[in-house]
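Subject: Structure handover

Hello,

Here is the structure I said I would pass on. My notes follow below it.

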Amino acid sequence: RMAAAPPSYCFVAFPPCSKDGLVVFGKNSARPRDEVQEVVYFAAAEHDPGSKVECTYIEIEQVPKTHAVVLSRPSWLWGAEMGANEHGVCVANEAVVTREPASESEALLGMDLVRLGLERGATAKEALDVIVALLEEHGQGGNYYEDGSSCHTFQSAFLIVDRNEAWILETSGKYWAAEKITEGVKCICNQLSLTTKIDAEHPELRNYVKSQGWWNGDSDFNFSEVFSLADGHLSCCSGKESLEKQGGDVSAQAMIDVLRDKDSGVCVDSESFLTTASIVSVLPQDPSFPCIHYFTGTPDPSRSIFKPFIFVDDVKLVPKVQSPSFGNDDPAKKIPRFQEKPDRRHELYKAHEWARSLLENDQDKGQKLMRIMLDLEKQGLEAMEDILSRTEILDPAEVVDLFYDCVDTELKFFK
């Protein structure tokens with residue numbers, strides 16, 4: 001039996017379910033418990049003709065221009081679990097298991113495709129087109145975990161969002177189908193969710209599944225039914241109800257509350273998996289307002305602070321949420337891979353470890369610390385609400401060190 005895919009959750013809410021003409025996006029990234037995620041920013045860049053880009057396992061052709069991106073990623077790999085670009089596109093992925101075994105041979109990881117979609121797509125649909133073209137050309141495969149003893153492979157699903165629309169993209173090998181969303185609340189998790197509403201698909205998809213004997217061509221084509229393992233297709237989204245209950249009021253805070261909910265299972269803290277990082281993004285449908293992306297950079301959102309980031313030129317880099325770099329000596333880059341595991345903890349992760357142990361072991365001090373942390377987060381959320389309610393255009397100088405300052409303040413509290 002194939003190993004269960006890590007139970008991450010991704011959400012998007014559109015008006016009228018969300019507040020004030022905002023699109024709200026969120027993801028909890030469930031990964032192996034001891035894995036460190038870092039938050040990294042890459043500026044927009046131009047690349048020479050013929051240049052290549054080294055992804056996690058393979059090298060592919062680079063494009064002439066890549067967009068600025070901010071990513072939350074397991075620090076041993078090239079791609080990302082989730083992130084955003086300067087054009088207000090957000091992408092998150094899910095590992096899924098389908099009736100087709102995922103390839104162990106090294107190709108693009110689902111996480112690489114998240115970053116490639118963000119670097120190359122200025123809208124959600126462009127990012128989708130990039131991802132499926134690269135799937136066709138290079139395929140997906142390789143170990144999802146930093147584990148030298150066994151190869152964990154999965155197929156991929158993606159939630160791709162911009163200020164106007166979202167796409168749910170689900171894949172099996174190079175085959176795929178996608179649904180466009182422009183209203184309501186959607187959730188994707190670690191199993192297939194597309195059924196008969198398909199707005200774009202691989203041109204050979206239906207011929208392929210007929211040739212495999214998985215669909216006779218007479219009944220309605222239902223992607224999840226055709227591709228799921230017999231018992232795999234259930235509705236998995238416990239967080240969706242909580243967001244729908246908000247009426248028309250899904251805000252950054254409401255999304256954060258859903259991601260913190262351990263009882264619903266959305267905030268994963270199990271024997272094998274932990275929510276190792278989280279993101280919430282607020283994308284105003286009015287393009288004159290900036291998009292705001294909140295990252296934890298630390299595990300367990302119920303014990304972490306969501307800190308805001310806004311794209312501006314010369315945004316200040318934050319080394320304290322970046323893992324140490326091991327260059328070509330990194331065991332993830334040497335063949336055979338993952339023969340040892342270096343210490344990838346960044347400064348914020350280490351400080352937060354101390355805070356987590358305090359929260360677990362000393363109730364009084366822990367509760368006091370949690371109150372201070374939530375108060376700090378609230379100040380950030382209120383300052384961002386203020387930016388979104390102004391009539392004048394945001395001065396970039398005001399937010400150039402926004403994320404840097406928030407991380408810095410959090411570290412000071414932990415010290």
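Strand β2 has 11 of its 11 residues buried, so β2 is largely enclosed by the rest of the structure. Buried here means under 20% relative accessible area, with exposed over 50% and partly exposed in between (1.4 Å probe, protein chains only). Strands (E, at least two residues) and helices (H or I, at least four) are DSSP runs, numbered from the N terminus. This is a predicted model, in which local features need pLDDT of at least 70 and side-chain atom pairs count only at pLDDT 80 or more, while totals for chains, interfaces and linings use all residues. Residues are numbered from 1 along each chain as its sequence is written, and side-chain values use heavy atoms, with hydrogens and water left out.

The sheet around β2

β1 and β2 run antiparallel and are joined by 5 bridges, with Val-12 opposite Phe-25 in β2. β2 also pairs with β16, in the antiparallel sense, over 11 bridges; there Phe-25 stands opposite Ser-281 in β16. Two strands count as paired if DSSP finds at least two bridges between them.

These strands belong to an open sheet of 6 strands, in the order β14-β1-β2-β16-β17-β18, with antiparallel pairing. β14 (185-188) and β18 (307-309) are at the edges with a single partner strand each, so one side of each has no neighbour in the sheet. From one strand to the next the twist averages 15°. Strand β1 (residues 9-13) is joined to β14 by 4 bridges, the two running antiparallel, and Phe-11 is opposite Cys-187 in β14.

Helix α8 (residues 363-389) packs on this sheet and touches β2 (22-32), β16 (273-284), β17 (292-295) and β18; the direction of α8 makes about 170° with that of β17. Contact means heavy atoms within 4.5 Å. Axes are lines fitted to C-alpha atoms, for helices over the stretch in contact, and angles run from 0 to 180 degrees between N-to-C directions.

The other sheet

An open sheet of 8 strands has the order β3-β8-β9-β10-β11-β12-β13-β15, again with antiparallel pairing. β3 (37-42) and β15 (200-201) are the edge strands, each pairing on one side only. At the β15 end, strand β13 (residues 175-181) pairs with β15 in the antiparallel sense over 2 bridges, and Ala-177 has Glu-201 in β15 as its bridge partner.

In β12, 7 of the 7 residues are buried, so β12 is largely enclosed by the rest of the structure. In a regular strand the side chains alternate between the two faces of the sheet. Both faces of β12 are covered: Ala-166, Ile-168, Glu-170 and Ser-172 are buried on one side, and Trp-167, Leu-169 and Thr-171 on the other. β12 pairs with β11 in the antiparallel sense over 5 bridges, where Leu-159 has Ile-168 as its bridge partner; a hairpin through 4 residues joins β11 to β12. β12 and β13 run antiparallel and are joined by 7 bridges, and Ile-168 has Glu-179 in β13 as its bridge partner. The hairpin of β12 and β13 has 2 residues between the strands, and Gly-173 takes a positive phi near 65° there.

Helices

Helix α6 (residues 252-259) has 6 of its 8 residues buried, so α6 is largely enclosed by the rest of the structure. The buried residues in α6 are Ala-252, Ala-254, Met-255, Ile-256, Val-258 and Leu-259. Ile-256 has a relative accessible area of 0%. Neighbours within four places in sequence aside, Ile-256 is in contact with Val-280, Phe-306, Glu-377 and Leu-381. The C-alpha atoms of Ile-256 and Asn-28 are separated by 9.8 Å, with the two residues 228 apart along the chain.

Helix α7 (residues 347-361) and helix α9 (residues 402-414) pack at an angle of about 40°, with their axes 9 Å apart. The residues that meet are Glu-347, Leu-348, Ala-351, His-352, Trp-354 and Ala-355 in α7, and Val-407, Glu-410, Leu-411 and Phe-414 in α9.

Regards
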